[in-house]
Amino acid sequence: MIPFEPSAIDRHFSAFIQREAKGGPPWLELVVALASNAVGCGNICLNLADIAEGDVLVDGTRQQLPATGELQEQLAGAAVVGAPGQFRPLVLDGAGRLYLYRYWRYEHDLARVILEKSGLFVNDLDESLLGEGVERLFPGSAGEGGDWQKIAAMAAVQKRFCVISGGPGTGKTSTVVKIIALLLEQARGKALRIALAAPTGKAAARLKESIRLMKEKLDCAPDVKALIPDEVTTIHRLLGVRAGSVRFRHSGDNLLPHDVVIVDEASMVALPLMAKLAVALRDDARLVLLGDRDQLASVEAGAALGDICGGGRSEPFSAGFAAFVQRVAGEKVHGWLSSDAACPLADSLVILKKNYRFGADSGIGAVAGAVNAGEGANALVLLRRDSGGCSWHDIPLPDRLKKALAERIVNGYGAYLAASSPSEALERFDRFRILCALRQGAYGVAGINGLVEEILAEKGLVERHNRWYAGRPVMVTVNDYQMKLFNGDIGIVLPDKENNNEPRVWFSAPDGAIRKVSPVRLPTHETVFAMTVHKSQGSEFDQVLMLLPDRDSGALTRELIYTGITRAKNEVEIWGDEAVFVGAVSRRIDRKSGLKDTLWPETGSSPG
């Protein structure tokens with residue numbers, strides 16, 4: 001039996017479609033509600049095979065659904081259901097995937113742009129200049145199977161579409177700064193319009209700071225260095241937000257003017273937003289996506305980066321690309337395909353395999369690798385050894401959690417509360433963070449934030465006499481372009497000595513400066529001693545304490561555990577239940593869509 005609780009929007013939409021259908025099978029309204037609910041749960045479509053012959057319990061009534069073939073046949077005959085390309089409220093494809101039209105359009109548009117750009121090569125490259133630039137910018141940094149940063153650069157320069165994926169510490173940002181330099185050198189003084197974007201303001205600020213630091217050390221001519229853009233924006237702002245509208249200023253009818261668009265933290269980008277960006281690009285514009293395909297997907301619908309990367313498969317390289325890299329960069333590409341036409345995305349995906357942060361003796365690297373491979377028991381053994389910066393603690397019962405956390409909280413947050421300036425407090429605060437898998441419950445963000453406040457107050461480290469007590473950390477949860485504060489920005493409440501010690505919220509600006517904001521002008525926000533793993537994406541901390549609940553939940557997945565572990569630069573502690581941890585590592589996010597099948601058709605080709 002399948003218990004189903006449709007939301008209000010599921011009920012209204014399915015009732016509307018039933019009225020528009022003017023008939024149809026008796027289960028049509030239920031299937032439409034299930035399709036609507038699937039999108040609300042992060043999917044792009046509903047796979048009919050998942051509900052076929054299902055006994056669905058909704059509002060106390062059981063409904064039996066027919067077999068897959070009958071579902072497809074009767075849906076295809078309904079007036080409200082069309083085939084791909086037809087303008088109907090619902091779209092049913094040949095594989096038995098049922099879409100709301102808008103989400104079919106998003107998937108179709110994104111796939112079309114990716115496939116078109118993947119098939120386009122830049123034919124006017126100065127290979128001699130490129131070879132010299134690659135040798136200069138990527139000196140002797142080969143890793144497992146070759147210099148993957150160099151190969152990524154070659155792909156990004158030669159193709160109109162490129163994905164560079166890798167975990168924290170693999171050098172994605174440094175690689176893309178060098179790619180920009182190579183593109184500028186190829187332009188030979190010609191204006192090259194480059195846009196740098198990220199899904200959140202926090203991620204944009206981090207990318208901006210990283211590029212600023214890397215530019216100083218880049219081995220290229222001063223005039224090239226000066227042309228590397230300093231500004232990084234959110235994708236929403238790049239496309240042009242319109243007040244009160246879900247549409248952007250830039251679209252297929254008003255294209256972006258840029259020659260190159262680079263998107264960082266692409267795993268956080270929902271499929272609809274990725275599609276809107278893709279269709280707003282000129283045909284000859286380059287699109288470069290950076291991200292970690294193994295991280296959590298967007299909170300919203302789809303798992304765009306994971307689908308674009310083929311769900312974890314190895315990158316394919318054509319014989320032609322292998323020869324190009326060998327000829328220009330002197331680098332051998334292993335595992336190339338015997339046929340250049342074997343895969344539509346050939347040469348457009350590069351995985352960075354060498355980690356410059358986590359060495360061979362790094363516990364964090366070893367545990368993250370085991371989790372990524374689905375080896376929960378092995379990861380647990382590594383954590384239990386309590387070495388290499390990783391450790392495990394059995395999660396206490398809720399009534400004992402406060403006492404168990406007290407010492408760790410004081411050690412983790414005491415330093416920033418003793419800081420002598422806002423800048424020092426902000427720097428110290430990012431040394432330690434508590435990450436929770438869930439928002440609610442005794443082990444969720446809401447409960448843990450309250451516990452931390454109690455512990456610090458009892459130790460005399462904060463005075464909770466009002467909401468704006470000194471030392472309170474807050475995280476902005478919406479984008480406020482007027483205030484230049486964005487979802488994920490973190491500030492700390494401290495007295496303003498220049499204004500009679502009135503409380504102000506102090507934030508780090510992208511240029512390294514510190515700015516203060518009156519609490520009354522602060523956008524929607526929340527206390528952030530603890531944050532969800534989802535919210536931590538795009539951030540890094542010296543030390544991480546990850547709290548898992550004492551019982552299993554469908555929200556606990558391999559990607560969530562991996563993402564939480566890899567937020568730590570030096571140390572990570574995981575408090576949890578062993579069975580829950582192993583179960584979570586065995587469970588992968590499974591968001592339904594047809595994007596991966598469209599981009600990665602089975603070819604049966606063999607490596608050369």
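# Close-up views of a predicted model

**Asp284 counts as partly exposed, at 39% relative accessibility.** Partly exposed here is the range between buried, under 20% relative accessible area, and exposed, over 50%, with a 1.4 Å probe and protein chains only. The side chain of Asp284 meets that of Arg282 in a salt bridge, at 2.9 Å from N to O, the term standing for a side-chain nitrogen of Lys or Arg within 4 Å of a carboxyl oxygen of Asp or Glu. Arg282 is buried, with a relative accessible area of 17%. Through salt bridges that share partners, Arg193, Asp259, Arg282 and Asp284 are joined into one network. The model is predicted, so that local features need pLDDT of at least 70 and side-chain atom pairs count only at pLDDT 80 or more, while totals for chains, interfaces and linings use all residues. Residues are numbered from 1 along each chain as its sequence is written, and side-chain values use heavy atoms, with hydrogens and water left out.

**Glu185 and Arg136 form a salt bridge in which the closest N and O atoms are 3.0 Å apart.** This pair links distant parts of the chain, since Glu185 belongs to helix α8 (residues 172-187) and Arg136 to helix α6 (residues 127-137), 49 residues apart. Helices (H or I, at least four residues) and strands (E, at least two) are DSSP runs, numbered from the N terminus. Glu185 is buried, its relative accessible area being 11%. By the rule for salt bridges, the count comes to 37.

**Helix α8 is shown with α6 and α9, its axis coming within 10 Å of the axis of α6 and within 10 Å of that of α9.** The axes of α6 and α8 cross at roughly 150°, which makes the two helices roughly antiparallel. Those of α8 and α9 cross at roughly 60°, and these helices are therefore oblique to each other. Axes are lines fitted to C-alpha atoms, for helices over the stretch in contact, with angles running from 0 to 180 degrees between N-to-C directions; angles under 35 degrees count as roughly parallel, over 145 as roughly antiparallel, 65 to 115 as roughly perpendicular and the rest as oblique. The crossing of α6 and α8 is right-handed, and α8 also passes α9 in a right-handed crossing. A crossing is left-handed if the near helix is turned anticlockwise from the far one by less than a right angle, and right-handed if clockwise.

**The side chains of Glu231 and Lys208 meet in a salt bridge, at 3.2 Å from N to O.** Glu231 lies in the loop between α10 (222-227) and β10 (233-234), whereas Lys208 lies in helix α9 (residues 201-217), so the pair ties together parts that are 23 residues apart in sequence. Glu231 is exposed, with a relative accessible area of 56%, while Lys208 is buried, at 19%.

**Strand β23 (residues 568-576) runs parallel to β14 (residues 390-394) and to β22 (residues 541-547).** Five bridges join β14 to β23 and six join β22 to β23; strands pair if DSSP finds at least two bridges between them. In β23, Ile574 is the bridge partner of Trp392, and Val572 is that of Val544. Together with helix α21 (residues 558-565), β22 and β23 make a right-handed β-α-β unit; right-handed means that, with the strands pointing away from the viewer, the path from the first strand over the helix to the second runs clockwise.
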